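Subject: Structure handover

Hello,

Here is the structure for you to take over. Please open it first, then read my notes below.

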Amino acid sequence: MSPTLETVAGAPPQDELESAHCDREEPLERTVPPALTQEQETKLWRKIDWRIIPTIAVMFLFSFTDRGAIGNAKIEGMTTQLDLTGNRYNMALTMFFIPYCVFELPATLTMWYPRFKLQYRIALFAGAAGLAGAFSGFLSFAMDSMNGVRGLQAWSWIFIIYGIATIVFAFIAAFVMVDYPSTAKFLTDDERSFVIETQARDAVIGEDLHGVAKQVWAGITDWQVWALSVVYFSIAAPGYALVYFLPTIINDFGYSPSITQLLTIPPYLLAVVGLLMFAHFSDKLHLRSPFIFAGQSISLVGFIINISDAPSSVKYFGLCLCLVGSSAGIGVVSWLANNLRGKCKRSAGMALQVTSGGVGGAIASNIFRSRDAPRYIFGIGLEIIFIGTGLVAILVTAVTYRRINAARDHEELLQQQGGEKGEIKEGGGGKRIGDRALSFRYTI
């Protein structure tokens, strides 16, 4: 449901190919970065933001507009004309996730940004998903008047117009997207060097000494990858359910299709505001778990309201809470990115996390059944279970990180006092590197 991130640090031009394939055998040579004042550094990151974020945000907006269009089309006559009775609509949604899981590749955002400048940038383009929901509701309302144009129903025009817009911008993006800091022509030599060296300092020395196979295996067997994949699943499943069924749920409150399309707009706009606020303070305080936990708790309250026998107006407020909470939970992506070191380990770990989100979406597509309308107790009940499981996983992961950090603090203190020599190995083997290094501290 959410973009994932290729967390490969920028490398000098001559080393770029090797870095991209994660198979360096020698440590990177460090150079002294150009000295920038605080004002110059702020201007540099703003320059990078304006060059990268808008393009990615628009791509993400179109991606989610396309993805959510089927939910808007459902209440505009699609299920009737295509005879999507029973679970046929659910099966159509499920088919979306096969290409999502197979072809969804990580983006390049964290090649550019240091560890604690990342979450807010993710939020800036992930917020496009919320805007896509509002945008989709507004356009679907407008396209309701196109019913019958050229012999097509309104739902057909939703797919035609969204599809054309997506294809057109895809061609534009192919020419305006930038790849690596080391090849960015819009930066000066000093700016390029500063970004590369900032990323190098943010990484852990020695993280690239292992080969591809070892890093990939380390990624898919790391406990934190599986723990945070559970968290991501608990966010993705409710998130996809809202994308695909929000218009249906609101329509079942008794509103007409055109009014329903308009009522889908406010929850998405509130979600964008919540997403940006959570991301800003998450980066500022260098914390992830409290904000993800808070977001999931808000979402849980929203689903509990909707499983109750409350009036439709109260349930609509609950749906707003569901969307705000699910959007705030996107911080789990940067949480894992912050805590995995080693290029291919990070890529493998985050690929597994993305897959868990795809699984969550596929499940969510099949638990809101037409025979359960209008209350959808079965689907909402399962979403409550998923969120509850995610909340437990967040707590367990945060406590484990804190204990590991405390143990490393203690070990370093003993070494500084001369009480111990060398490093105690975690899990056996040679010297610890990457996120297992004694100097590394997990983001909590």
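The notes below cover cavities, salt bridges, a surface patch and some backbone points.

This is a predicted model, so to speak of local features I need pLDDT of at least 70, side-chain atom pairs count only at pLDDT 80 or more, and totals for chains, interfaces and linings use all residues. Residues are numbered from 1 along each chain as its sequence is written, and side-chain values use heavy atoms, with hydrogens and water left out.

**Cavities**

Rolling a probe the size of a water molecule over the atoms shows where empty space is left. A cavity here is a set of points, on a 1 Å grid over the protein atoms alone, where a 1.4 Å probe fits but cannot get out; lining residues have an atom within 4 Å of a point. Grid points are joined across faces, edges and corners, and a volume is the space filled by probe spheres set on the points.

The search of the whole structure gives seven cavities of 30 Å³ or more. Two or more lining residues come from each of α2 (38-81), α4 (118-143), α8 (223-251), α10 (265-285) and α12 (312-328). Helices are DSSP runs (H or I, at least four residues), numbered from the N terminus. Helix α4 gives the most to this lining, with seven residues. The lining of the largest cavity has 16 nonpolar residues, eleven polar and no charged.

**Salt bridges**

A salt bridge is a side-chain nitrogen of Lys or Arg within 4 Å of a carboxyl oxygen of Asp or Glu. The count comes to eleven salt bridges.

One joins Lys345 and Asp435 (2.9 Å, N to O). Lys345 is in helix α14 (residues 343-367) and Asp435 in the segment after α15 (377-416), 90 residues apart. Both Lys345 and Asp435 are buried. Buried means under 20% relative accessible area, exposed over 50%, partly exposed in between (1.4 Å probe, protein chains only).

Arg441 pairs with Glu412, the closest N and O atoms being 2.9 Å apart. Arg441 lies in the segment after α15 and Glu412 in helix α15, so this pair ties together parts 29 residues apart in sequence. Shared partners also join Asp222, Lys345, Asp435 and Arg436 into one salt-bridge network.

Arg369 forms a salt bridge with Asp372, with the closest N and O atoms 2.7 Å apart. Arg369 is partly exposed, at 22% relative accessible area, and Asp372 is buried, at 19%.

**Backbone**

Most residues other than glycine have a negative phi, and most peptide bonds are trans. The bond from Ala373 to Pro374 is cis, with omega near 5°. Pro374 sits in the loop between α14 and α15. Tyr376 is in the loop between α14 and α15. Tyr376 has a positive phi of about 50° and is buried, with a relative accessible area of 5%. His286 has phi near 60°. His286 is in the loop between α10 and α11 (289-307) and is partly exposed, at 41% relative accessibility.

Best wishes

Conventions. 1 Å grid on protein atoms, 1.4 Å probe; cavity = no way out; pocket = protein on both sides within 12 Å on 5 of 7 lines; lining within 4 Å. Nonpolar A, V, L, I, M, F, W, Y, C, P; charged D, E, K, R; others polar.
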